[in-house]
Amino acid sequence: MIRIAKAKSTAIATLGVDIGKNTFHLVGLDKRGAIVLRERLSRSQIEIRLANMAPCLVGMEACVGAHHLGRRVEALGHDVRLMAAKYVRPFCRKQKNDFNDAQAIAEAVTRPTVRCVALKTPAQLDLQALHRVRQRLISQRTGVINQIRAFLLERGIAIRQGWHALRAELPRALTMTDRLTPRMLHIVEDLAGDWRRLDERLEAVSTEIAQLAHADEGAMRLMSVPGIGPIISSATVAGIGKGDVFDKGRDFAAWLGLVPKQTSTGGRPILGRISKRGNRYLRQLFVQASRVVLLRPQTWERYGLKHWIDAAAQRLHYNKLAVALANKLARIAWGVLHSGRTFETHRENGHAPQPT
């Protein structure tokens, strides 16, 4: 293997950092793109090494620990940029190892077309962590509910769909001792206890998220957008901050995966289903928000959406309409965050109000 001597820190223009749990691999490039540095450092050494290096462009993959390290490195005077792993992968032209990954990161970060991820603040990471906990609790609760329903169905006790129906019918089902053995009664009662505890924990986490949302200025402005409550507004702020990484609302909607997937060729546009790229959790929340708006037609006029929804409903299936409205709400949400203004509607020449 060719060993590259350590160069002066002033010769390094771009630095690629491959992040590990305890080990970090660094590859430095000069202004011509030639490799002038290859180093392997421990977690305790990485900040000391970068503190003794002249300010340069530092690229990292957006992974666990990248935002924390990025803030520390940025405080040292470096220009830190995080990228999604899918943007780095095409630049790894050799066999996969840590140094080759660091080299690919260093090359990818210099490309002007590669979209970078904004560094998250500790407050954003706290919000994001709470949302992940909430998502896990919902998944666990769904699993418990499905297990209770399956055990009862095995004994010939069928309960209509929906957790509200199961909660209402469960006490009656537990009295059917002719179908449920004592052991099965004990199992179902224990599962019902798990369900109650998960509900309590989920309510506590949701309340904490709502409190943080009402304490954040950007999240409060987002709650003026139709269909968007504390959960969605806080998740949006945790995901994109003020939205500065996007040039326009259309880019944010595309990042969420709420635009048609293209397979165009020969100048002929071919559009399919939505791309489903980006933040899946946030995309689901915006679709839920659009469905809430569609269920409340009495609010369409107030929010300036009636004309748009009525026109779209004539040519789109209900599910497609929900996704299209989610796209529109996402673009409005980005505008609210980026401009620092609340969502407003105004009338033009006596016509219906239009969103601004």
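Modeller: Let's begin with a term: a salt bridge is a side-chain nitrogen of Lys or Arg within 4 Å of a carboxyl oxygen of Asp or Glu. Here Arg141, Arg167 and Asp199 are linked in a network of such bridges. Keep in mind that this is a predicted model, where local features need pLDDT of at least 70, side-chain atom pairs count only at pLDDT 80 or more, and totals for chains, interfaces and linings use all residues. Residues are numbered from 1 along each chain as its sequence is written, and side-chain values use heavy atoms, with hydrogens and water left out.

Biologist: How many salt bridges does a search of the whole structure find?

Modeller: The search turns up 14 salt bridges. One of them joins the side chains of aspartate 79 and arginine 81, with N to O at 3.1 Å. To say where such residues sit, we use relative accessible area: buried means under 20%, exposed over 50%, and partly exposed in between (1.4 Å probe, protein chains only). Aspartate 79, at 35%, is partly exposed, and arginine 81, at 33%, also counts as partly exposed.

Biologist: Which residue forms a salt bridge with arginine 172?

Modeller: That's glutamate 169, and the closest N and O atoms are 2.8 Å apart. Both residues belong to helix α6 (residues 163-173), three residues apart, which is about one turn of the helix. As for helices and strands, they're DSSP runs numbered from the N terminus: helices are H or I with at least four residues, strands E with at least two. Arginine 172 is partly exposed at 41%, and glutamate 169 is partly exposed at 21%.

Biologist: And arginine 221, is it buried or exposed?

Modeller: Arginine 221 is buried, at 13% relative accessibility. Its salt bridge is with glutamate 217, the closest N and O atoms being 3.1 Å apart, and glutamate 217 is exposed at 58%.

Biologist: What is the nearest side chain of opposite charge to lysine 120?

Modeller: First, the charges: Lys and Arg count as positive, Asp and Glu as negative, while His and the chain ends are not counted. For lysine 120 the nearest opposite charge is on aspartate 126, 12 Å away; this lysine is buried yet has no salt bridge. You'll find lysine 120 in the loop between β6 and α5 (122-154). Contact means heavy atoms within 4.5 Å, and lysine 120 touches His67, Arg71, Leu125, Gln128, Ala238 and Gly239, not counting residues up to four places away in sequence.

Biologist: Now the sheet. In what order do the six strands come?

Modeller: The general idea is that strands of a sheet pair through backbone hydrogen bonds, either parallel or antiparallel. In practice, two strands pair if DSSP finds at least two bridges between them. In this model the six strands form an open sheet with mixed pairing, in the order β3-β2-β1-β4-β5-β6. At the edges sit β3 (35-42) and β6 (116-117), each pairing on one side only. Strands β1 (residues 14-18) and β4 (residues 57-61) are parallel over four bridges, and threonine 14 has leucine 57 in β4 as its bridge partner.

Biologist: How many bridges join β2 to β3?

Modeller: Seven, and those strands run antiparallel. Look for phenylalanine 24, whose bridge partner in β3 is leucine 41. The hairpin of β2 and β3 has five residues between the strands, and glycine 33 there takes a positive phi near 95°.

Biologist: Which strands does helix α1 lie across?

Modeller: Helix α1 (residues 43-51) lies across β1, β2 (23-29) and β3, at about 140° to β3. Axes are lines fitted to C-alpha atoms, for helices over the stretch in contact, and angles run from 0 to 180 degrees between N-to-C directions.

Biologist: Last one: what does the count of disulfides come to?

Modeller: In general, a disulfide is a covalent bond between the sulfur atoms of two cysteines. The rule used is a pair of cysteine sulfur atoms within 2.5 Å, and the count comes to zero. Take cysteine 63: the nearest cysteine sulfur, that of cysteine 116, is 14 Å away. Cysteine 63 is partly exposed at 33%. For cysteine 92, the nearest cysteine sulfur is that of cysteine 63, at 15 Å, and cysteine 92 is partly exposed at 23%.
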